[in-house]
Amino acid sequence: MIMNKMIAYCGLTCDSCPIHLATLEKNKSTQQTMREAIAELCSRIYRIQLQADDQMDCDGCRTTAGRLFFGCFGCKIRGCASLKKIENCAYCGEFACVRLKKHFLMEPGALANLEEIRKTMDF
Ligand code: SF4
Ligand code: SF4
């Protein structure tokens, strides 16, 4: 059920994000393998060089006191929704804005999550 999931402001599911899963992994050897796979992916796709260590740890987009992945720290959607003090973009009167629509082109699962939340809301 969507309400029990850790949903980012933009609709991504942080519970199943590989970065978050690596953060939670208890087995150190498995954790290192996961971190290296993330670093390799970021290098190949985004041309970003990351250290495969605890610097990439993340407790989820809506964390207030925890660790946040640097790629999500500067996210403009996150910044916008947190300034509006809403739970996520599903609750925004401007849904779905141009910025969010661009995001959905790459992340259709985020759109599906936010639409599911909006179905539960009274307008
Ligand atoms: S905020 Fe963290 S857990 Fe959520 S999508 Fe970004 S990196 Fe993954
Ligand atoms: S304007 Fe609304 S829908 Fe667009 S990013 Fe900001 S909070 Fe999300």
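This is a predicted model: local features need pLDDT of at least 70, side-chain atom pairs count only at pLDDT 80 or more; totals for chains, interfaces and linings use all residues.
Which residues of α6 are buried?

Residues are numbered from 1 along each chain as its sequence is written, and chains are lettered from A and ligands numbered from 1 in the order in which they are written.

**View 1. Helix α6 and its buried face.** Ala 110, Asn 113 and Leu 114 are the buried residues to look for in α6. Here a residue is buried if 20 or more other C-beta atoms lie within 10 Å of its own, exposed if 12 or fewer, and partly exposed in between, with C-beta atoms placed from the backbone. Seen down the axis of α6, the buried residues fall within an arc of 90°, so they line one face of the helix; the arc is that of the directions from the helix axis to the C-beta atoms. That buried set packs against α5, where contact means C-beta atoms, placed from the backbone, within 7 Å. On the other side of α6, you will find Pro 108, Gly 109 and Lys 119 exposed. From first C-alpha to last, the 12 residues of α6 reach 17 Å, close to the 16 Å expected at 1.5 Å a residue (the expected span is 1.5 Å times one less than the number of residues). Helices (H or I, at least four residues) and strands (E, at least two) are DSSP runs, numbered from the N terminus.

**View 2. The surroundings of ligand 1.** Among the residues around ligand 1 are Cys 14, Cys 17, Cys 58, Cys 61 and Cys 72, along with His 20 and Phe 69. A residue counts as near if its C-beta atom, placed from the backbone, lies within 6 Å of the molecule. By class, this shell has nine nonpolar, two polar and no charged residues. Ala, Val, Leu, Ile, Met, Phe, Trp, Tyr, Cys and Pro count as nonpolar, Asp, Glu, Lys and Arg as charged, and the others, Gly among them, as polar.

**View 3. The surroundings of ligand 2.** Around ligand 2, look for residues including Cys 80, Cys 89, Cys 92 and Cys 97, together with Lys 84, Glu 94 and Arg 99. The largest share, three residues, comes from α4. Sorted by class, the shell holds nine nonpolar, no polar and three charged residues.

**View 4. The largest nonpolar core.** Of its 22 residues, Ala 8, Tyr 9, Cys 10, Ile 77 and Cys 89 touch the most other members. Such a core is a set of buried Ala, Val, Leu, Ile, Met, Phe, Trp, Tyr and Cys residues joined through C-beta atoms within 7 Å. Beyond its neighbours within four places in sequence, Ile 77 is in contact with Tyr 9, Cys 10, Cys 89, Arg 99, Leu 100 and His 103.

**View 5. A cis peptide bond at Ala 96.** The bond from Phe 95 to Ala 96 is cis, with omega near -15°. Ala 96 sits in the loop between α4 and α5 and is partly exposed, with 18 other C-beta atoms within 10 Å. Not counting residues up to four places away in sequence, Ala 96 touches Lys 101 and Phe 104.

View 6. Arg 47, in the loop between α2 (28–46) and α3 (70–73), has phi near 55°, a positive value in a residue other than glycine. Lys 85, in the loop between α4 and α5, has a positive phi of about 55° although it is not a glycine. Arg 47 is exposed, with 7 other C-beta atoms within 10 Å. Lys 85 is exposed, with 7 such atoms within 10 Å.

Conventions
Two residues are in contact if their C-beta atoms, placed from the backbone, lie within 7 Å.
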